[in-house]
Amino acid sequence: MNTLYFECNMGAAGDMVMAALLELHPNPEDFLERLNAIGIPGVEVRAESHEKCGIVGTRVVVSINGLEEESHDHHHGHSHSNHEHSHGHEHSHGHEHSHHGHEHSHNHGHEHEHEHSHSHGGHSHNSYRDIEHRIGHLNISDAIKKNALAVYKLIADAESTVHGVDVDQIHFHEVGEMDALADIVGVSMLIEELAPDAIKASPINVGSGHVKCSHGILPVPAPATALILQGIPIYSDKTKGELCTPTGAALIKHFANEFCSLPMMRVSGIGYGMGTKNFEKANCVRTFIGDASGD
């Protein structure tokens, strides 16, 4: 049985998950060309070699209209750890309280000091329905569209619960949302092309401490991330910072059907998806793919 395994010992962020899967792909350059051609407005995704603790892996960089996006997975302005992009903000606040405002340089390395000024100079917001419409018009298969929408739904549902508003009132910051969209669709495409029979993951390290948000100081994992992670095994090894972002949490929750230690398998590929921040431990999501038939 061809099995894909995610090792989340330093959490998970959308770009790190995509980079770890990209290293398993037989032709990553061709994949990136196709991802860049599917029709996400103004987005260009590239991969670059990145080193952590002496190990070389891949970092995925998303540019929006030619500029590297300061990822907004979190719109809470926390001092993030892994990072990401804007996620929904409760529009009724009149800000962008998207999930954690950070400025993450879409390098997700964890830790972004993100202070999102709740307004983002004139950037427009997209509702969950807008996201559905945008994904529906991308040049991708119906299966990829279904998976991408399911991941977004996990994030939107968590945001709506945290903010106490209907899902239709959750709004995503446009620039950060393009960044997150690239990660979510890219991961969905990679999993379709790698075509594993089973997907498993380790328990997820969420980090520790607090993150600063426009409304005050919030504990790690941030509230929406914690809701997404409900029902799956998580832990903290006391690493300071937010290691798991909403996008990373939603991707792992949606795709993994079992959480366990590395199963017995004949490994045929290993991938390292790097974050940008440096810790004592290598800041990466590691993937394994291989035969877990148990022969």
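The structure contains 0 disulfides, a disulfide being a pair of cysteine sulfur atoms within 2.5 Å. This is a predicted model, in which local features need pLDDT of at least 70 and side-chain atom pairs count only at pLDDT 80 or more, while totals for chains, interfaces and linings use all residues. Residues are numbered from 1 along each chain as its sequence is written, and side-chain values use heavy atoms, with hydrogens and water left out.

The sulfur of cysteine 244 lies 7.5 Å from the closest cysteine sulfur, that of cysteine 8, which is too far for a bond. Cysteine 244 is buried, at a relative accessible area of 1%, and cysteine 260 is buried at 17%; buried means under 20% relative accessible area, exposed over 50% and partly exposed in between, with a 1.4 Å probe and protein chains only.

In soluble globular proteins, nonpolar side chains tend to be buried together. Here the largest nonpolar core has 64 residues, and Phe6, Leu21, Val45, Val185 and Ile252 have the most contacts inside it. Such a core is a set of buried Ala, Val, Leu, Ile, Met, Phe, Trp, Tyr and Cys residues joined through side-chain atoms within 4.5 Å. Helix 5 (residues 174-194) supplies the largest share of this core, 11 residues; helices (H or I, at least four residues) and strands (E, at least two) are DSSP runs numbered from the N terminus.

Helix 7 (residues 246-255) is largely enclosed by the rest of the structure, because 8 of its 10 residues are buried. Among these buried residues are Pro246, Leu251, Ile252 and Phe255.
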